Amino acid sequence: FFCLMDAGRKLVWRVEDYVTDLGGREFYVDGHGTVAVLAFGLGISFGSGLFLFLLSTWWVDFGAYLACLSFFHWSEYIMVAMHRKDQLSGNSFLINHSVEYTIAFVACTTEYLVEWYFFPSLKNNWFIYIPGILLAIFGLTFRVLAQHHAKQSFTHEVQNKKRDVHKLITNGVFKIVRHPGYFGWFWYTVATQIILANPFCLPAFAFVSYKFFKDRIEYEEEKLVEFFGDEYQQFRDKTPTYIPGVK
């Protein structure tokens, strides 16, 4: 498995180098060409998702999944463009988040297609995908509002040094949830597997997401205590994460 991930990373790097050499400066990670291609792909994916959700018979749930997935990546870029322009690049879409993220996407899509073929009655049930869609909207709303309320204090990577613009945010959705960005992403991730009615990927995604956010929150909060001291400790003590298993 780890050899597969390493091979995947090397393949991605080779493709990136090839595209950069072929397209020049515009296809660097912060080039307009890179952003245009990624945005075009997300637009096609979102439009295809809406088409399948509204007009198809056998791919309604998969269409909803595509639309939610496309909106998630699009909203990540838009939030960076609105509040953190100095950090804006093709990476802001989070499409190339990690090899593990790509493997997860391939795994859940593969499970859906296999089960769609062999167990079609498991898919396209409104009483499964409608709650999943509502949960995805709920999670995405928190994710977007977290970035909007935090503005420049929100980053896609944990910061090891306090930046001048880094402030402790305790208003907006931060009044309700200590890490609303992680909270929203966790429940959105779970929701996608409910939408797809994936009985294997659903618990797997929930556990991996829990483990990822638990480790990340523990590390990030060590830094936040360094940055803000007692002020952050008081905020942490009174504000929950609402991520199962994460205090």
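**Tour: surface patch, then core**

Select F46, L50, F51, L54, L55, F71 and W74: together they form a nonpolar patch on the surface with about 710 Å² of accessible area. Areas come from the Shrake-Rupley method with a 1.4 Å probe, and for residues only the protein chains shown count as cover.

This is a predicted model: local features need pLDDT of at least 70, side-chain atom pairs count only at pLDDT 80 or more, and totals for chains, interfaces and linings use all residues. Residues are numbered from 1 along each chain as its sequence is written, and side-chain values use heavy atoms, without hydrogens and water.

Next, colour α2 (32-55) and α3 (60-83), the elements that each give two or more residues to the patch. Helices are DSSP runs of H or I with at least four residues, numbered from the N terminus. Helix α2 supplies the largest share, 5 residues, and F51 lies in α2.

Now select F62, Y65, F174, Y188, I195, F213 and I243, which touch the most other members of the 45-residue largest nonpolar core. Such a core joins buried (under 20% relative accessible area, 1.4 Å probe, protein chains only) Ala, Val, Leu, Ile, Met, Phe, Trp, Tyr and Cys residues through side-chain atoms within 4.5 Å.

Finally, centre on F174. Beyond its neighbours within four places in sequence, F174 is in contact (heavy atoms within 4.5 Å) with A146, H149, A150, I169, P180, F235 and T239.

Conventions:
Patches are made of residues with over 30% relative accessible area and no salt bridge: like charges are joined within 9 Å, nonpolar side chains (Val, Leu, Ile, Met, Phe, Trp, Tyr) within 5 Å. A salt bridge is a side-chain nitrogen of Lys or Arg within 4 Å of a carboxyl oxygen of Asp or Glu. Buried means under 20% relative accessible area, exposed over 50%, partly exposed in between (1.4 Å probe, protein chains only).
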